[in-house]
Amino acid sequence: MNDVKDLLKKIDGYRDFIIDLQTKMTACPAITPHEKGGLGEAAKAEVLLKALKAMKFDEIDVLEAKDSASPTGVRPNIVAKYYGQNRKKTLWVMAHMDVVPPGDLSMWKTDPFKAVVKGDKIYGRGTEDNQQGLMSGLLAVKAMMDAGIRPPVNYALLLNADEEVGSDYGIVTVLKKHGKIFGKEDSFIVPDSGNSKGDVIEIAEKNMLWLKITVEGKQTHASTPQNGNNAFVASSHLVVALRDLYKKFNKKDRLFDVPGSVFEPTKHEPNVPNVNTIPGKEVLYVDCRILPCYTNKQVYDEAVKIAKTIEKKFKVKITVQAIINDSSKPTDKNAPLVKLLAQHVKAVYRNQPKVQGVGGGTVAAYLRNAGFPAVVYSKLDETMHQPNEYSSIKNTMGDAKVFALVAMNLK
């Protein structure tokens, strides 16, 4: 009991450490090299490696993913492990190093790549997404090290590249080429989503299916519609007809924040540049977030069936293409990690945490599909991707306490 109190007290004393490392990380704009001017995670990885080596982890490795767009030719993924009493089992805290671009600079009150501290808040791009979660994971193990305590199982950090743009050079490569670093009994906390109450523990997500639909008719002058075939009209009827997906796949699951499946038309590509031309081609997109009780193939097949009725009615050609087709297994709500996390979130934040599924995709899906229990949890003010993004020092410390308590009680 005294050991646990010592850990929590040490975390309360890490304010200067948080500010120092957040400042150094924020000064390294880890924007994907696939974005104009993006330099990738190399500079930030060097900052982190220096900090990790100073802390004297038992193991530190850099797992590189080849990427010709990167100035260094690779994207770094960092593994840092602190041995527990049982070295065959590991609790991982997984965070990502990359950030999104700052966007319109005129909307920022400070330089997005110079950390500015105002009371509890550290302003700068990436400070909350995902440097706050990274810092929380780091503080938890720093407290154990400083107290000279070895947890029951290994505690490890997995700091990934490329989360913001698909994870191909991050967790996807790590699982594919370096999967042996994970043990069968390992479990994962991903501190990359949450809310301001800190009461949501995400254990599942909906299947994600993005459809690109191309409708081809015949272009002509608007004054002579009989000489063409208006793809705009056909695509408009198709969008309305696709609303029937809601009727077909209408089951509800209260585990999820939005309990039903979602089928929404979103992006629409430009067609003709002038008003007096009937478009011969339309390209539109539908974002489907599907409850796990259905398969993506069921939805895709139904969308194709609906498209064929419109194709026949308007004598156009319609192609339906799945451009994103991801499914995710849930983490068992009764898994020891889930129960421990809920117990210690309640202890630290004095709230009533709820286990929940979400509609958005997370990197935890890759871990779940690989057979590992993974939970997504953070207490966030939800400023990620916004101008004037900031991280809460209080939340950083609070989550670090949660992770440390979980680590000390996971068997």
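Start with the lining of the second largest pocket: by class it has six nonpolar, no polar and four charged residues. (Ala, Val, Leu, Ile, Met, Phe, Trp, Tyr, Cys and Pro count as nonpolar, Asp, Glu, Lys and Arg as charged, and the others, Gly among them, as polar.) Select F17, D20, L21, K24, V47, K50, A51, A54, M55 and K142 to see this lining. Two elements give two or more residues to it, α2 (15-26) and α3 (42-55), and α3 gives the most, with five. The volume of this pocket is about 170 Å³.

A quick note on what you have open: this is a predicted model, where local features need pLDDT of at least 70 and side-chain atom pairs count only at pLDDT 80 or more, while totals for chains, interfaces and linings use all residues. Residues are numbered from 1 along each chain as its sequence is written, and side-chain values use heavy atoms, with hydrogens and water left out.

A pocket is an open set of points on a 1 Å grid over the protein atoms alone, where a 1.4 Å probe fits, with protein on both sides within 12 Å along at least five of seven lines; lining residues have an atom within 4 Å of a point. Helices (H or I, at least four residues) and strands (E, at least two) are DSSP runs, numbered from the N terminus.

Next, select E163, G360, G361, T362 and V363. Of the 36 residues lining the largest pocket, these are the closest to its centre. That pocket has a volume of about 790 Å³, and β9 and β14 are among the elements supplying at least two lining residues each.

Now follow β9 into its sheet. Four strands form an open, antiparallel sheet in the order β11-β13-β9-β14 (strands pair if DSSP finds at least two bridges between them). β11 (262-268) and β14 are the edges, each pairing on one side only.

Which residue stands opposite K212 in β13? Pick Y285 and you have it. β9 (207-216) and β13 (281-290) pair over ten bridges. On to β14 (317-326), joined to β9 by nine bridges: here V215 has I318 as its bridge partner. Seven of the ten residues of β9 are buried (under 20% relative accessible area, 1.4 Å probe, protein chains only).

Last stop: select helix α6 (231-241), which packs on the sheet and touches β9, β11, β13 and β14 (contact means heavy atoms within 4.5 Å).

Definitions and conventions
Buried < 20%, exposed > 50% of the residue type's maximum accessible area, 1.4 Å probe, protein only. Points joined across faces, edges and corners; volume = space filled by probe spheres on them. Axes fitted to C-alpha atoms, helices over the stretch in contact; angles between N-to-C directions.
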